[in-house]
Amino acid sequence: MDYIIRRRELKDCEGIARVVTLAWNETYKSIVPDWFLEELKINEKERAQKTKEKFNEKDNHQFVLEYNNEIVGFVNCGKSEDEELDNCGEIFALYILKKCQGNKLGRKLVNTAIEELKILGFDQMIIACLKGNPTNEFYKHIGGKYIKDGVFKRLDLPENIYYFDKI
């Protein structure tokens with residue numbers, strides 16, 4: 001599989017919004033309400049535009065996965081907002097379209113985020129994953145240790161928090 005991983009650019013906002021819409025609809029059908037998945041489809045262009053307006057090159061810790069000149073995944077990382085964990089990085093989003101899963105690309109995106117977090121001065125990180133999402137097994141497989149329950153505030157849904165020590 002011929003792919004590249006590169007830092008997000010302003011021109012990528014539409015592709016990232018499309019990946020969010022498709023990935024959520026592929027993964028979360030029985031986990032989140034249908035109205036939310038439909039809303040993602042309806043407001044995709046608006047989300048892309050808002051992302052463009054907020055784009056800040058200096059605070060850009062997002063990387064895209066391209067396959068055949070198409071964005072098929074991305075990872076976003078930075079300082080964790082979890083107040084219980086001092087000086088901890090976090091992967092806020094990791095999405096890969098189903099058609100490109102199973103090729104170790106998820107691990108490559110995680111490794112890219114880890115390298116970015118190290119540059120930012122972090123040596124540990126967390127990842128949150130909605131309960132019921134099959135990706136929970138991936139996070140355990142790559143060394144994540146479940147440490148606590150969390151809440152995905154936007155939909156008030158339970159999630160698992162995985163901790164990675166010494167990244």
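In what order do the 7 strands of the open sheet stand? They run β1-β2-β3-β4-β5-β7-β6, with mixed pairing. Strands here are DSSP E runs of at least two residues and helices are H or I runs of at least four, numbered from the N terminus; two strands pair if DSSP finds at least two bridges between them. β1 (3-7) and β6 (145-152) each have a single partner strand, so one side of each is left without a neighbour in the sheet. From one strand to the next, the twist averages 25°.

A word on the model: it's predicted, so local features need pLDDT of at least 70 and side-chain atom pairs 80 or more, while totals for chains, interfaces and linings use all residues. Residues are numbered from 1 along each chain as its sequence is written, and side-chain values use heavy atoms, leaving out hydrogens and water.

Now to β4 (residues 89-96), which runs parallel to β5 (residues 124-130) and is joined to it by 3 bridges. Ile91 has Ile127 in β5 as its bridge partner. Beyond its neighbours within four places in sequence, Ile91 is in contact (heavy atoms within 4.5 Å) with residues including Val75, Val110 and Met125.

Ile91 is also among the residues with the most contacts inside the largest nonpolar core, as are Trp24 and Phe74. That core has 44 residues. Such a core is a set of buried Ala, Val, Leu, Ile, Met, Phe, Trp, Tyr and Cys residues joined through side-chain atoms within 4.5 Å, where buried means under 20% relative accessible area with a 1.4 Å probe, protein chains only. α4 gives the largest share, 6 residues.

Note on methods: Axes are lines fitted to C-alpha atoms, for helices over the stretch in contact, and angles run from 0 to 180 degrees between N-to-C directions. Buried means under 20% relative accessible area, exposed over 50%, partly exposed in between (1.4 Å probe, protein chains only).
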